[in-house]
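Me: I would like to learn how to read the features of a model. Please take me through them one at a time.

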Amino acid sequence: MAEVDLTGVGKVYPDGTRAVTDLNLHVADGEFLVLVGPSGCGKTTALRMVAGLEDISEGSVTIGGRVVNRVPARDRDVAMVFQSYALYPHLSVRDNIGFGLSLRKVPKAEIREKVDRAADILGLTDHLARKPRNLSGGQRQRVAMGRAIVREPQAFLMDEPLSNLDAKLRVQMRAEIARIQRDLGVTTIYVTHDQTEAMTLGDRVAVMKKGELQQVAPPQELYDRPANLFVAGFIGSPAMNLLKGTLSGDAANPRLEIGGQTLALAGEVLTGHPALASYFGRDVVVGIRPEDMEDAELVDAPDGTTLTSSADLVEAMGSDVLVHFAVEAGQVVTEDTKELARDAGTDVLGGLEAPHTVLVARFSPRTRVKVGDPVTVRVDTGRLHFFDIESGASIWGSDAGPTREDEG
Amino acid sequence: MTNGKAAGTRTEPGGATASGAAGAPRRGVASRIVGRLGGGFVQAMLVLIALFWLVPTIGLLVASLRSTQDNAASGWWTVFTRPTELTFGAYSALLEKDDFVDSFWNTIMITVPSTVLVVVIASLAAYAFAWMEFPGRDWLFLAVVALLVVPVQVALIPVAKLYGRVDVGGFTMFGSVTGVVLFHVAFGLPFAIFLLRNFFAAIPRDLLEAARMDGGSEWTIFRRVIFPLGGPAIASLGIFQFLWVWNDLLVALVFADTGSQPMTKWLQSQMRQFTGNIDILAPGAFLSLIVPLAVFFAFQRYFVQGVLAGSVK
């Protein structure tokens, strides 16, 4: 068990492609750090540099106080769980798990004992004699975990270990990984593109975009105080609604104009976001989480806290109802939102059409809204997010908010 | 398979394209013919062809078991209509000939090292070509592939001249078993490396990286992961190389002398121009056939499909 430090780490491939830029991360002893981001954001490359499977072009990686830039993978004393599991097909489960120990010339009896213990933790005891091809996906995943556990390494590195499992099994294994990591207390770096996994597993979550670190924070802080548009849009499901709005009024009576409708902002908004004071009369990006909106018929909805529209689409999820509706506010088209749209596989509409943004609200299942119905949406104005329209950075106080760590 | 069929249907003018467009299952002409003929007929044909191929071997076996007189008097097939006394006389006579036994021994001395050396060197080289980074790797591999097209005949005279000059303390390369082995190894390697590299390259990278993370050096990864997984390819290469060298006559004729000659060359030297010498050729040829057969059956259990099943995903 050890601390892992990345200092100014960068990766440039021989053909000039840059995968990671100036990555600074500190992973504390026993911490579970999740690296998350859309595909191609450099998170796997970063992990592979820690593992020693990829050369480090810039900066340094330190594991347990030792700079490992020039240490080959086999001597770094870290274990990796691969996305594909990478089990040795010609070896039994027992030999797969014990492979690393037998390479290190650990006595046979000791290997046996350690493999038995790991198999016990993972519930593999009955399958030790089998070959990987006779195992189910979930069991293979466990064997891959076992191979890492049994070595008692300084750190676990996991590269999307659950992405090949079906949804139900994924939830189950997710809980299991969390339990095992907590029991063993081994420093873990976990790469995923799934923000639910990131939020549920990580002590802290590091969000990356195009090789650059956007924000590192505990999951709840990431959700409550995203540092910029990208983090705001990436964390949370359904994603935060982002739209253009204009801040009007004055400090005593701040108002937000959204596509011809007005939201009155509570006084505490300015206390919570002191920096907002300099944005009066200017356009800002407004972020509204779906869960901060509710059907106005179900709750107390004072004037100035509602938006009206008509429901374009109603998705009943059982536990709640997702209502899609449009407002005549401009879409936010920045580099961040383009990247988010690319990840989601959708296109950001250009500014050619009339201002039009589709919002998603998460209503209580008691709502009676049907497709095509007019809908009045109550917005929890105290929980709005504001972003600078130019830089995409979150607007907090001058010192209150986390800053974008790698601007430039 | 499916791709090929689909592409074939697309390029075909007329009926096939029309049926494809109509949404009917796309099937190539060949597969439809096979389907119509049915499995039974095809199997019967296969058995017939196999029997046809076996006829000379059966003839050889029968002839080797008949006495010289019988062989001289009638053809081997008469054994079915008019059973004659079969005898191992020809075999025992052959095994009493010292020069035959020597040549049998020479064949083994040539074939075994030629096969082992080729398999060992080629698998190491193939691993390096497939998985190790070093400057000029791809160019070197291209050179190896280019060597595949060099025919053995081109090299006979230059190598013979070269061997003639090697004379270390009374040991002459020309005419020695070592010389024959070296020639076989040199000409076996390009194909062996080519075959194994392509097989090794198909092993998922994750497996090697997992072994590296588990603490494996290049040598351990080769020995404990690549070599066991390469089993089928290595076994088939071993069998091919063994058969080529075992059955080789040309190289032996050029480079071996009477002391180092293998069976093929000895048998060839027993051919007389006018009188039949079936009493030597038949049992000799049959003895030279048994060993490769044994090798084949010993190694065929390594031809396993799906060795990589369960490793990734």
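Reply: First, the ground rules. This is a predicted model, where local features need pLDDT of at least 70, side-chain atom pairs count only at pLDDT 80 or more, and totals for chains, interfaces and linings use all residues. Residues are numbered from 1 along each chain as its sequence is written, chains are lettered from A and ligands numbered from 1 in the order in which they are written, and side-chain values use heavy atoms, without hydrogens and water.

Me: How many helices and strands are there in chain A?
Reply: Helices (H or I, at least four residues) and strands (E, at least two) are DSSP runs, numbered from the N terminus. Chain A has 10 helices and 20 strands. Its C-alpha trace spans about 75 × 45 × 35 Å along the principal axes.

Me: What share of the residues of chain A count as buried?
Reply: Buried means under 20% relative accessible area, exposed over 50%, partly exposed in between (1.4 Å probe, protein chains only). In chain A, 54% of the 408 residues are buried. A:Lys168, in helix H5 (residues 167–184) of chain A, counts as exposed because its relative accessibility is 73%.

Me: At what angle do H2 and H3 of chain A pack?
Reply: Two packed helices are described by the angle between their axes and the distance between the axes. Here H2 (residues 93–103) and H3 (residues 108–122) of chain A pack at about 130°, axes 10 Å apart. That makes H2(A) oblique to H3(A). Angles under 35 degrees count as roughly parallel, over 145 as roughly antiparallel, 65 to 115 as roughly perpendicular and the rest as oblique. Axes are lines fitted to C-alpha atoms, for helices over the stretch in contact, and angles run from 0 to 180 degrees between N-to-C directions.

Me: Which backbone values deserve a second look?
Reply: Most residues other than glycine have a negative phi, and most peptide bonds are trans. A:Glu160 has a positive phi, near 45°. It sits in the loop between strand S7 (155–159) and H5 of chain A, and is buried at 9% relative accessible area. A:Lys210 also has a positive phi, about 45°. That residue lies in the loop between strands S9 (204–209) and S10 (212–217) of chain A, and is partly exposed at 45%. The peptide bond from A:Ser237 to A:Pro238 is cis, with omega near -5°. A:Pro238 lies in the loop between helix H8 (229–234) and strand S11 (241–250) of chain A.

Me: Where is B:Trp53, and is it buried or exposed?
Reply: B:Trp53 is in helix H3 (residues 29–64) of chain B. It is exposed, with a relative accessible area of 66%.
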